[in-house]
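Please read them with the structure open.

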Amino acid sequence: MSSDPEQPSPVTPFAPMVPDGSHGGLLERDPELAAAAHAVDELVAGATAGGPVRGGILVYRGEAGIGKTTLLREIQRTARDRCTVLTARGGETLTSVPFHVTRQLLQPALDRFDEEDVRLLCGGHFDLLAPALGLAPPPSASAAPADPQGVRDGLAKLLERLADRLRDRPPVLLVDDAHWADAESLAWLDAFTRIRRDRRLPALVVLAHRPCRRARSAPACRQSSPRSPTGPS
């Protein structure tokens, strides 16, 4: 995966984890932890200074059982006192459920706002976005299907507005088992990374996934996964 010099460098892949007392059970994870700590520091510093928020993307790739989940927990611990940490996890039996990961990520953040504020965050597209967010039942089979691109772009704009509202505690999105994330959620995360032409994302997105060659049936392997603002992974 290519990296922007102004963005935190992705860390992928990494060697098996060796249990230890340092870093909450992580050993030989100094590069990964340093990249994450730097990314969180940059995100918070930009938000505090009142200028453009310098978020970005970190991607951790490795086989099952080598410590990706433990690493994400350590990043959550590092960020939770200064950031709004939103978490989600892909599920092997839920890859076909549209926006399953999206709802895990965004519902807890939206719950702190009243209905009027949520509608404002949706930018006048509440009726279009509400089913994807779990705020309204899915449309009936006889209803006209929602515009997929409209939903993706609307969710990306919503996350941008949400990040602006949460500027005092900027959002960090942690997605574990991204190889089992639903295709719709991956698509809106990808749209979010493309929406800012200045390449300064207002949030930090951290993904952990297994190599696609071992999970060919997963949505992340069937389409392009979220990328750095500079190019595809």
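1. V85 has V172 as its bridge partner in β3. Strands and helices here are DSSP runs, numbered from the N terminus, with at least two residues (E) for a strand and at least four (H or I) for a helix. Two strands count as paired if DSSP finds at least two bridges between them.

2. Some ground rules apply. This is a predicted model, in which local features need pLDDT of at least 70 and side-chain atom pairs count only at pLDDT 80 or more, while totals for chains, interfaces and linings use all residues. Residues are numbered from 1 along each chain as its sequence is written, and side-chain values use heavy atoms, with hydrogens and water left out.

3. On confidence, pLDDT is the predictor's own score for each residue, from 0 to 100. The chain has a mean pLDDT of 78, and 74% of its residues reach 70 or more. Residues 1-27 have pLDDT below 50, and this stretch has 82 contacts in the model beyond near neighbours in sequence; a contact means heavy atoms within 4.5 Å. Over residues 214-233 pLDDT also stays under 50, and the model has 53 contacts there beyond four places in sequence.

4. The pairings can be followed residue by residue. Strand β2 (residues 84-89) is joined to β3 by six bridges, and R89 stands opposite D176 in β3. Four bridges link β3 to strand β4 (residues 204-209); here L173 faces V205 and V175 stands opposite L207. Strand β1 (residues 56-61) is joined to β4 by six bridges, with I57 opposite V205.

5. Are the residues of strand β3 (residues 171-176) buried or exposed? Six of its six residues are buried; buried means under 20% relative accessible area, exposed over 50%, and partly exposed in between (1.4 Å probe, protein chains only). P171, L173 and V175 lie on one side of β3, with V172, L174 and D176 on the other. Six of the six residues of β4 are also buried, so β4 is largely enclosed by the rest of the structure. In β4 one side carries L204, V206 and A208, and the other V205, L207 and H209.

6. In soluble globular proteins, nonpolar side chains tend to be buried together. A nonpolar core is taken here as a set of buried Ala, Val, Leu, Ile, Met, Phe, Trp, Tyr and Cys residues joined through side-chain atoms within 4.5 Å. Of the 39 residues in the largest such core, L105, L106 and W188 touch the most other members. Helix α6 (residues 148-165) supplies the largest share, six residues. Another core, of 21 residues, lies apart from it and includes A35, A39, L58 and V206.

7. Leaving aside residues up to four places away in sequence, W188 touches F99, T102, L105, L106, R152, L155, A156, L159 and L173.

8. Helix α3 (residues 100-110) packs against helix α5 (residues 126-133) at an angle of about 115 degrees, with the axes 9 Å apart. That makes α3 roughly perpendicular to α5 (65 to 115 degrees; under 35 is roughly parallel, over 145 roughly antiparallel, the rest oblique). T102, R103, L106, Q107 and L110 in α3 meet P131, A132 and L133 in α5.

9. L121 lies in helix α4 (residues 115-121). L121 is buried, with a relative accessible area of 2%. Which residues does L121 touch, not counting those up to four places away in sequence? They are L110, F113, L158, R161, L162 and R165.

Methods. Axes fitted to C-alpha atoms, helices over the stretch in contact; angles between N-to-C directions.
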